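Please keep the sequence and the structure in view while reading.

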Amino acid sequence: MKNSSRHIWEQPWGYREGILIAAGIGLSGLILQLFLGNIHPTLFAAPLNLIIGALFMTGLLAVYLLARKRPLGRWLTSVAATLPALALFLLLSIFLGVIPQFPSGSETALPDNLFTSLGWYRMTTSWPFVLICFYLLLILGLTTLRHTTRKQEWRDIGFYLNHLGLFIALLGGVLGSADMERLTMRVQEGQVEWRGTTATGALKELPLAIQLDSFLLEEYPPKLVVIEHESGRMLPTERPESYMFEGVGKTTDLAGYTVEILEYLPHAAIFSNDSITRVVPMLMEGATAALRVRVTPEGGAAPKEGWVSNGSYLYPHSLLRIDETRSLAMPLQEVKRYTSHVTLYTEEGHTRKSLIEVNHPVMMEEWMIYQYSYDDTMGKYSDTSVFELVRDPWLKVVYTGIFMLLAGALFLFFAGPKKSRS
Amino acid sequence: MSWDQFIYFAMGALLLWGTGAALAYSPARKIISTLFTLGGLMLFFAFIAGLWVSLERPPLRTMGETRLWYSFFLPVAGLLTYLRWNYRWILSFTTILSAVFIMVNLLNPDIHNKVLMPALQSPWFAPHVIIYMFSYAILGAVTLIAIYYLIRGKRIKEPARIMEMTDNLVYAGTACITLGMLMGAIWAKEAWGHYWSWDPKETWAAITWIGYLIYIHYRLKRSSSNKIAMVILIIAFVMLQICWYGVNYLPSAKQSIHTYSS
């Protein structure tokens with residue numbers, strides 16, 4: 001700050017005014033927060049978000065047209081205004097990133113402490129956070145507008161992509177946040193469902209219906225681990241080892257034992273009483289994976305041989321006891337993939353067959369349909385699939401901004417900083 | 001290829017990188033140290049490729065696997081900087097930093113684990129993580145320069161030239177974290193239903209990003225101090241570390257759906 005002889009608030013403004021104004025906005029937010037509590041998400045629901053958006057854009061243009069040639073207008077597009085605003089936003093984001101957040105709308109009681117009054121458990125709907133967001137948007141919008149009055153060069157493409165892109169993505173995201181709908185829907189095989197459940201448990205009828213034709217779940221091959229009977233802990237305790245089945249006849253070292261795979265039944269039935277365990281192949285629902293293994297302890301003790309299985313909803317899991325304290329066990333297999341084959345219907349009578357899986361949602365009537373979950377008590381025999389349905393009318397706006405920013409980032413990468421002419 | 005063989009590839013690569021870094025100080029031609037560094041990179045990448053094949057998935061899931069890429073990209077960033085701006089010391093800096101991350105992987109070996117959960121089975125997975133690791137390496141190199149600059153203080157010979165190099169690297173690194181973050185947003189929309197949910201990892205990605213934006217905008221002002229700029233870079237890199245792995249130790253981490261290292 002070279003002009004330190006200047007009194008505060010005397011033009012031209014610099015960092016000191018920037019810090020004071022950002023702090024003032026934060027403080028106003030804090031006062032609003034203490035009196036009003038968090039911003040209710042419905043404040044931003046349609047059509048209010050459109051009104052707020054229109055007011056904000058009008059205000060932005062008004063400030064630009066009235067003040068662009070005045071010192072205040074010029075200062076608002078300067079680094080001295082931008083940096084304190086960014087720094088305050090950064091600070092609130094750090095609180096947001098450290099303090100556990102509670103979803104808004106849920107009725108779980110917040111802890112009775114200062115953070116609750118400050119709104120920090122629901123930072124993204126707290127007044128200081130939202131006000132600083134709008135202040136940043138104001139600076140960003142004004143800076144972009146003011147840039148248009150300069151003599152344009154090819155480098156300015158990068159400037160517009162980054163600044164206008166961020167402005168569009170941020171404004172679209174803030175205004176659109178309350179218009180997004182997320183529902184879950186449970187469908188059983190062979191059934192048709194057209195009602196979704198909201199986060200609060202309310203039912204909502206949809207303009208589309210999902211029929212679950214079949215649900216398929218694929219697992220990774222079974223694994224073996226050595227556990228301590230008493231605690232159930234995997235060994236060695238500090239770094240548990242596991243072995244994923246790779247084929248019959250293979251031998252591996254596992255937690256100090258040599259384990260040889262003798263037989264593999266991907267679909268088995270297990271019958272056991274106190275003395276004997278019988279394992280037989282069985283190709284039907286509820287079958288479990290089973291491995292017959294030989295375990296040899298280090299130091300020449302007698303090997304143990306037997307079946308290990310992770311069980312299913314029909315059969316209990318079975319361990320192979322190695323010695324007094326330890327057993328060989330098969331944890332539940334990890335899920336590789338799960339897929340729903342569905343038929344989708346719309347109110348207008350359109351029908352479409354589709355395959356929905358994680359990372360491959362399907363779009364229908366403004367709704368994105370996601371594979372969300374299944375009946376995990378049934379594991380791979382689940383006949384129920386859970387979908388999530390998401391509608392986000394502002395997505396196109398936000399994506400416009402995101403793609404501009406992506407292009408802007410490529411520009412930044414290849415063009416680099418402006419060369420100093422010193 | 002499994003983690004058991006890592007030590008041979010890592011030591012071989014470090015030997016080649018170290019030789020390249022040492023030769024950069026000698027009057028030998030640039031091409032010699034470049035070739036040594038490239039040789040080390042090829043050897044190191046051979047391990048990554050072998051691990052990729054044997055895991056039957058991209059080795060980008062666990063912390064140890066991301067450290068592997070980081071150790072690889074650091075000498076890449078060092079070599080590019082060396083070739084572009086001729087700083088002799090940059091290769092030794094990046095080699096030492098890479099060695100630190102290699103040592104962490106050797107002392108704390110990853111378990112060979114083929115499992116890739118459904119949420120990670122996406123064409124976005126590899127580009128999202130690789131571009132982040134590349135940007136972390138560039139920004140790590142920049143942080144070393146910042147520390148060097150602050151320690152040398154007044155003895156820095158050509159501050160303007162160092163600032164120019166720093167600006168260039170920060171622009172490239174920030175461009176890459178922007179790409180990584182936005183690819184992550186598009187992927188999150190496909191996998192989780194929303195492009196931005198303020199998951200702790202996402203929040204810290206935004207914090208890191210803002211940190212580097214502050215540097216870039218601070219540098220736009222002619223009167224800005226080089227020292228403060230360098231301090232901003234170091235703080236931003238601390239944020240980046242929290243985003244990468246520190247976030248797992250924060251109170252907010254329990255809610256994160258962004259954890260894949262079991």
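B:Asp167 counts as buried, at 11% relative accessibility. The coordinates come from a predicted model, and the values in this report should be read with that in mind.

The partner of B:Asp167 is B:Arg219, with which B:Asp167 forms a salt bridge whose closest N and O atoms are 2.9 Å apart. Because B:Asp167 belongs to helix H6 (residues 159–192) of chain B and B:Arg219 to helix H7 (residues 200–220) of chain B, the pair ties together parts that are 52 residues apart in sequence.

## Salt bridges in chain A

Over all chains, the count comes to 21 salt bridges. One of them is formed by the side chains of A:Glu388 and A:Arg182, which meet at 3.1 Å, N to O. Since A:Glu388 lies in strand E17 (residues 384–391) of chain A and A:Arg182 in strand E1 (residues 181–188) of chain A, this pair ties together parts that are 206 residues apart in sequence. With a relative accessible area of 9%, A:Glu388 is buried, whereas A:Arg182, at 32% relative accessibility, counts as partly exposed.

Pairing is also found in the form of a network: salt bridges that share partners join A:Glu260, A:Glu263, A:Arg292, A:Arg294 and A:Glu305 into one network.

## The interface of chains A and B

How many residues does the contact take from chain A, and how many from chain B? Chain A gives 58 residues to the contact and chain B gives 53 residues. The size of an interface is often given as the accessible area lost when the parts come together. Between chain A and chain B the buried area is about 4,700 Å², and carbon and sulfur atoms give 70% of this area.

Across this interface of chain A and chain B, one salt bridge is found. In that pair the side chains of B:Lys114 and A:Glu246 meet at 3.8 Å, N to O. The pair crosses between chains, with A:Glu246 placed in the loop between strand E5 (243–244) and strand E6 (251–254) of chain A, and B:Lys114 in the loop between helix H4 (90–107) and helix H5 (125–152) of chain B. A:Glu246 counts as partly exposed, at 48% relative accessibility.

## Domains of chain A

Chain A is divided into domain 1 (15–149), domain 2 (181–218 + 336–391) and domain 3 (221–333). The C-alpha centres of domain 2 and domain 3 of chain A lie 36 Å apart, and the contact between these two domains involves four residues of domain 2 and seven residues of domain 3.

The area buried between domain 2 and domain 3 of chain A is about 430 Å², of which carbon and sulfur atoms give 53%. On the side of domain 2, A:Met378, A:Lys380 and A:Tyr381 lose the most area to domain 3, and together these residues account for 92% of what that side buries.

## A nonpolar surface patch

A:Leu27, A:Ile31, A:Leu32, A:Leu34, A:Phe35 and A:Leu36 make a nonpolar surface patch of about 640 Å². Among these residues, A:Leu27 lies in helix H1 (residues 15–36) of chain A. Is A:Leu27 buried or exposed? Because its relative accessible area is 52%, A:Leu27 is exposed, the cut-off for that class being over 50%.

## Backbone details in chain A

Two cis peptide bonds can be described, beginning with the one that joins A:Gln11 and A:Pro12, where omega is about -5°; A:Pro12 is found in the segment before H1 of chain A. A cis peptide bond also joins A:Leu235 and A:Pro236, with omega about -15°, and A:Pro236 lies in the loop between strand E4 (223–228) and E5 of chain A.

Positive phi values occur as well. A:Asn359, although not a glycine, has a positive phi of about 75°; A:Asn359 sits in the loop between strand E14 (351–357) and strand E15 (362–364) of chain A and is buried, with a relative accessible area of 4%. For A:Glu365, also a residue other than glycine, phi is positive and near 50°. A:Glu365 is placed in the loop between E15 and strand E16 (367–374) of chain A, and with a relative accessible area of 32% A:Glu365 is partly exposed.

Definitions and conventions:
Residues numbered from 1 in each chain as written. Chains lettered and ligands numbered in written order. Predicted model: local features only at pLDDT ≥ 70, side-chain atom pairs only at ≥ 80, totals over all residues. Heavy atoms only, no water. Patch = residues over 30% accessible without salt bridge, like charges linked within 9 Å, V, L, I, M, F, W, Y side chains within 5 Å. Areas by Shrake-Rupley, 256 points an atom, 1.4 Å probe, with all protein chains shown as cover. Salt bridge = Lys/Arg side-chain N within 4 Å of Asp/Glu carboxyl O. Helix = DSSP H or I, 4+ residues; strand = E, 2+ residues; numbered from the N terminus. Buried < 20%, exposed > 50% of the residue type's maximum accessible area, 1.4 Å probe, protein only. Domains from an automatic or database assignment. Contact = heavy atoms within 4.5 Å. Buried area = accessible area lost by both parts, 1.4 Å probe.
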